[in-house]
Amino acid sequence: NTFINMKIEIKNLEHLRQVLNDYDINPNNWGKDDSRTIEELYKEIVDAETELFEIRTLPEDSEPTLLRTVTVVGINVTCGKYRLKEDRQEFVDGRVRHRNLNVSCAEKLIKGETPRQAAVRCLKEELGIEIHETELRPHISHSNVDISSSYPGLNCMYNRNPFDYEMKPEFFNPDGYQEFQENKTTYFIWE
């Protein structure tokens, strides 16, 4: 049995570094291979995409651990017989992060946003297509806790909200799609 002890309010980047250190999480190797940087985690916190909590497992005298919580939408995009998948992310520093997601695209919710609104935003930002939220078919939401591949050593609770979307033929691009961001380009391909 696990229970959340308290939410940790992060004041600045140095405070985040201290909190991670307090829970024996070393971010010095973050930003290599598939992982993200401490600055990216801080931005997620500032943007209200993620929160940090102290958790304890029973018995109550056990050592507390740090938990990152994030609520995400995942969308399976199909167009006829084709299914879209996120193939890879190429970072400006030369790293390539190959993706093996069970959804076509995913996005973190921002504060005050519903899962449907986030899914519509995800399709617009990542694929450049605009839809109405009624075009989405929802599935049952679920949660799981896992070690984050983005932030090694940090446990993460993913609150997942899955959807299906059948793409209209006029949006179909046989070459796939690219999302350009400041620090990376994400490539989506059909299979």
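Residues are numbered from 1 along each chain as its sequence is written. In this predicted model, local features need pLDDT of at least 70 and side-chain atom pairs count only at pLDDT 80 or more, totals for chains, interfaces and linings use all residues, and side-chain values use heavy atoms, with hydrogens and water left out.

Q: Which residues of helix H1 are buried?
A: Let's start with the terms: helices (H or I, at least four residues) and strands (E, at least two) are DSSP runs, numbered from the N terminus. Buried means under 20% relative accessible area, exposed over 50%, and partly exposed in between (1.4 Å probe, protein chains only). H1 covers residues 13-22, and its buried residues are Leu16, Val19 and Leu20.

Q: Why do the buried residues of H1 line one face of the helix?
A: Take the directions from the helix axis to the C-beta atoms; the arc is theirs. Seen down the axis of H1, the buried residues line one face because they fall within an arc of 100 degrees.

Q: Which exposed residues sit on the face of H1 turned away from its buried side?
A: The buried side holds Leu16, Val19 and Leu20. Turn to the face pointing away from that side and you find the exposed pair, Glu14 and Asp22.

Q: Which residue caps the N-terminal end of H1?
A: A polar contact is a pair of N or O atoms within 3.5 Å; within protein, one must be able to donate a hydrogen and the other to accept it, and residues adjacent in sequence count only if both atoms are side-chain atoms. Here a side-chain oxygen lies 3.1 Å from the backbone nitrogen of Glu14. The capping residue that supplies this oxygen is Asn12.

Q: How many of the residues of strand E3 are buried?
A: E3 spans residues 65-79 and is mostly covered. Out of its 15 residues, the buried count is 11.

Q: In which sense do E3 and strand E9 pair, parallel or antiparallel?
A: Two strands pair if DSSP finds at least two bridges between them. E3 and E9 (residues 155-166) share 12 bridges. Along the way, Val70 stands opposite Tyr158, and Gly74 has Pro162 as its bridge partner. The sense of the E3 and E9 pairing is parallel.

Q: What is the bridge partner of Val72 in E6?
A: E6 (residues 105-108) runs antiparallel to E3, with 4 bridges joining them. Within E6, the partner of Val72 is Lys108.

Q: Which residue in the turn between E3 and E4 has a positive phi?
A: E3 is joined to E4 (residues 82-91) by 2 bridges in antiparallel fashion, with Thr78 opposite Arg83. The two strands form a hairpin with 2 residues between them. In that turn, the residue with a phi of about 65 degrees is Gly80.

Q: What is the volume of the largest pocket?
A: On a 1 Å grid over the protein atoms alone, a pocket is an open set of points where a 1.4 Å probe fits, with protein on both sides within 12 Å along at least five of seven lines, and lining residues have an atom within 4 Å of a point. Grid points are joined across faces, edges and corners, and a volume is the space filled by probe spheres set on the points. For the largest pocket, that comes to about 1300 Å³.

Q: Which element gives the largest share of the lining of the largest pocket?
A: The lining has 48 residues, with Arg36, Arg97, Arg99, Ala106 and Lys108 nearest the centre. The largest share is 6 residues, and the element that supplies them is E3.

Q: Is Asp33 buried or exposed?
A: Asp33 lies in the loop between H1 and helix H2 (38-46), and its phi is positive, near 55 degrees. Because its relative accessibility is 62%, Asp33 counts as exposed.
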